Amino acid sequence: MRRKVVLACAKCLSRNYSTDKNKSENSGRLEVRKFCKRCGAHTLHRETK
């Protein structure tokens with residue numbers, strides 16, 4: 001079962017990316033380093049509620 005999730009920047013808290021993840025394999029929150037347009041740098045993006 002795949003579930004749509006939204007990723008938010010850990011620094012400025014802007015919601016930049018949306019993706020999907022496999023709920024049965026990854027029960028925890030997704031964390032990915034991505035480019036934040038607002039910060040202008042690669043930062044950690046975490047899955048929001």
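**Entry 1: Leu-13**

I looked up Leu-13 and found this residue in the loop between S1 and S2. The model I am reading is a predicted one. Is Leu-13 buried or exposed? Leu-13 has a relative accessible area of 65%, and the cut-off for exposed is over 50%, so I record Leu-13 as exposed. I then checked the backbone, where Leu-13 shows a positive phi of about 65 degrees although this residue is not a glycine. I also looked up the distance from Leu-13 to His-45. The two residues stand 32 residues apart in sequence, and their C-alpha atoms are 8.7 Å apart in space.

**Entry 2: the chain as a whole**

I listed the elements of the protein chain next and noted four strands and zero helices. Along the sequence, the chain reads β-β-β-β. For the extent of the chain, I took the box filled by the C-alpha atoms, which is roughly 35 × 15 × 15 Å along the principal axes.

**Entry 3: the sheet**

In which order do the four strands lie in the sheet? I found an open sheet with the order S2-S1-S4-S3 and antiparallel pairing. Strand S2 (15-22) and strand S3 (31-36) are the edge strands, and each of them pairs on one side only. I noted that neighbouring strands of this sheet are turned by 40 degrees against each other on average, direction ignored.

**Entry 4: the partners of S4**

I followed S4 (residues 41-47) to S1 (residues 2-9) and found antiparallel pairing over three bridges. Within this pair, Leu-7 has Glu-47 of S4 as its bridge partner. How many bridges join S3 to S4? I recorded six bridges between these two strands, which run antiparallel. Here Glu-31 stands opposite Arg-46 in S4. S3 and S4 form a hairpin with four residues between them. In the turn of this hairpin, Gly-40 has a positive phi of about 80 degrees.

**Entry 5: Thr-48**

I moved on to the segment after S4, where Thr-48 is found. Is Thr-48 buried or exposed? Buried requires under 20% relative accessible area, and Thr-48 has 18%, so I record Thr-48 as buried. Which residues does Thr-48 touch, when those up to four places away in sequence are not counted? I found contacts with Val-6, Ala-8 and Arg-15.

**Entry 6: surface, contacts and charge**

Buried residues make up 24% of its 49 residues. The accessible surface comes to about 3,800 Å², and 46% of this surface belongs to carbon and sulfur atoms. Among contacts between residues at least 6 apart in sequence, I noted that 32% join residues at least 24 apart. For the charged side chains, I recorded 14 positive and 4 negative ones. The centres of these two sets lie 9 Å apart.

Note on methods
Residues are numbered from 1 along each chain as its sequence is written. This is a predicted model: local features need pLDDT of at least 70, side-chain atom pairs count only at pLDDT 80 or more; totals for chains, interfaces and linings use all residues. Side-chain values use heavy atoms; hydrogens and water are left out. Two strands pair if DSSP finds at least two bridges between them. Axes are lines fitted to C-alpha atoms, for helices over the stretch in contact, and angles run from 0 to 180 degrees between N-to-C directions. Buried means under 20% relative accessible area, exposed over 50%, partly exposed in between (1.4 Å probe, protein chains only). Contact means heavy atoms within 4.5 Å. Accessible areas come from the Shrake-Rupley method with a 1.4 Å probe; for residues, only the protein chains shown count as cover. Lys and Arg count as positive and Asp and Glu as negative; His and the chain ends are not counted. The place of a charge is taken as NZ of Lys, CZ of Arg, CG of Asp or CD of Glu.
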